[in-house]
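Subject: Structure handover

Hi,

Here is the structure I promised, followed by what I found in it. Please open it alongside this note.

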Amino acid sequence: MSKETIKSGKFVSLAYTIQDMDGNVLEQSDLPVSYIHGGETELIGGMDQAVLGKAQGEEVTMTISPENGFGDYDPNLIITDEIENVPAELRQLGAEVQMQNDAGDVKSFYVTKIEAGLLTVDGNHPLAGKSLQVKVKILQVRDATQEDVLQVGMPGQSQTIN
């Protein structure tokens, strides 16, 4: 009996590790990540195309450019202001600040620096501007059940795995 391969409609479970180009581990899935291939679930950097046709037990290593990963680093997403203009509860490194633009879109910024009476927030993803090495191990490939569709998401429901 041949192994099932990843194609549209298959339930896929995988584990992954994201490293920088120096081999430093930046993110690792401790629990399996599951999705239904060909649905609206978006995997980082074309990972879904890289695993297409692969079977349980296979591994894929791919390099993802910033454009296909977390985007280019945008210096316009860095804002510095005098600390007294910032609410006291946000005056700590790592604090999350929600900001809304004129179009009504909300984005998370994080406090990255506090010095000399100034506080800096950054709206870039921590991995923005970096090329990444992604290692994927396919843990399971099988036909999707109705229960999978309910748990993982129906085609048409968008979610991102990264």
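A cut-off to start with: a residue is partly exposed when its relative accessible area falls between buried, under 20%, and exposed, over 50%. Arg-142 has a relative accessible area of 25%, so Arg-142 is partly exposed. Please remember throughout that this is a predicted model.

**Confidence**

The mean pLDDT of the protein chain is 88. Of its residues, 93% reach 70 or more. Confidence is highest in strand 9, at 96. It is lowest in strand 11 (residues 159-161), where the mean is 42. Over residues 154-162 the pLDDT is below 50. That stretch still has 24 contacts in the model, beyond near neighbours in sequence. Where pLDDT is low, the predicted coordinates should not be read in detail.

**Salt bridges**

How many salt bridges are there? The count comes to five.

Arg-142 belongs to one of them, with Asp-148 as its partner. The N to O distance is 2.5 Å. Arg-142 is partly exposed, whereas Asp-148 is buried, with a relative accessible area of 6%.

Lys-137 forms a salt bridge with Glu-59. Their closest N and O atoms are 3.7 Å apart. This pair links distant parts of the chain. Lys-137 sits in strand 10 and Glu-59 in strand 5, 78 residues apart. Is Glu-59 buried or exposed? Glu-59 is exposed, at 59% relative accessibility. Lys-137 is partly exposed, at 35%.

Glu-115 and Lys-113 also form a salt bridge, with the closest N and O atoms 3.8 Å apart. Glu-115 is partly exposed, with a relative accessible area of 48%. Lys-113 is partly exposed too, at 42%.

Finally, Glu-4, Lys-10 and Asp-143 are linked in a network of salt bridges.

**Nonpolar cores**

In soluble globular proteins, nonpolar side chains tend to be buried together. Here the largest nonpolar core has 23 residues. Those with the most contacts inside the core are Ile-6, Leu-14, Tyr-35, Met-47, Val-51, Val-134 and Val-136. Which elements each supply at least two residues of this core? They are strand 1, strand 3 (33-36), helix 1 (47-51), strand 5 and strand 10 (132-143).

Leaving out residues up to four places away in sequence, Ile-6 touches Val-12, Tyr-35, His-37, Val-51, Leu-52, Gly-53, Lys-54, Ile-138 and Val-141.

Another core lies apart from the largest one. This other core has eight residues, among them Leu-90, Ala-95, Val-97 and Phe-109.

Val-60 is found in strand 5 (residues 59-64). Its relative accessible area is 10%, and Val-60 is buried. With residues up to four places away not counted, Val-60 touches Ala-50, Val-51, Lys-54, Val-134, Lys-135, Val-136 and Ile-138. Gly-45 is 15 residues from Val-60 in sequence and 13 Å away in space, C-alpha to C-alpha.

Ser-13 lies in strand 1 (residues 10-20). Ser-13 is buried, with a relative accessible area of 7%. Setting aside neighbours within four places in sequence, Ser-13 contacts Pro-32, Val-33, Ser-34, Lys-137, Ile-138, Leu-139 and Gln-140. Lys-137 is also the salt-bridge partner of Glu-59.

What is the strand order in the open sheet of four strands? The order is 6-9-8-7, and the pairing is antiparallel. Strand 6 (78-82) and strand 7 (96-100) are the edge strands, and each pairs on one side only. The twist averages 35 degrees from one strand to the next.

Strand 6 pairs with strand 9 (residues 118-122) in the antiparallel sense, over five bridges. Ile-79 has Val-121 in strand 9 as its bridge partner. Strands of a sheet pair through backbone hydrogen bonds.

Ala-116 is not a glycine, yet it has a positive phi of about 55 degrees. Where does Ala-116 lie? Ala-116 is in the loop between strand 8 (106-115) and strand 9. At 78% relative accessibility, Ala-116 is exposed.

Best wishes

Technical notes. Residues are numbered from 1 along each chain as its sequence is written. This is a predicted model: local features need pLDDT of at least 70, side-chain atom pairs count only at pLDDT 80 or more; totals for chains, interfaces and linings use all residues. Side-chain values use heavy atoms; hydrogens and water are left out. Buried means under 20% relative accessible area, exposed over 50%, partly exposed in between (1.4 Å probe, protein chains only). Contact means heavy atoms within 4.5 Å. Two strands pair if DSSP finds at least two bridges between them. Axes are lines fitted to C-alpha atoms, for helices over the stretch in contact, and angles run from 0 to 180 degrees between N-to-C directions. pLDDT is the predictor's confidence in each residue, from 0 to 100. A nonpolar core is a set of buried Ala, Val, Leu, Ile, Met, Phe, Trp, Tyr and Cys residues joined through side-chain atoms within 4.5 Å. A salt bridge is a side-chain nitrogen of Lys or Arg within 4 Å of a carboxyl oxygen of Asp or Glu.
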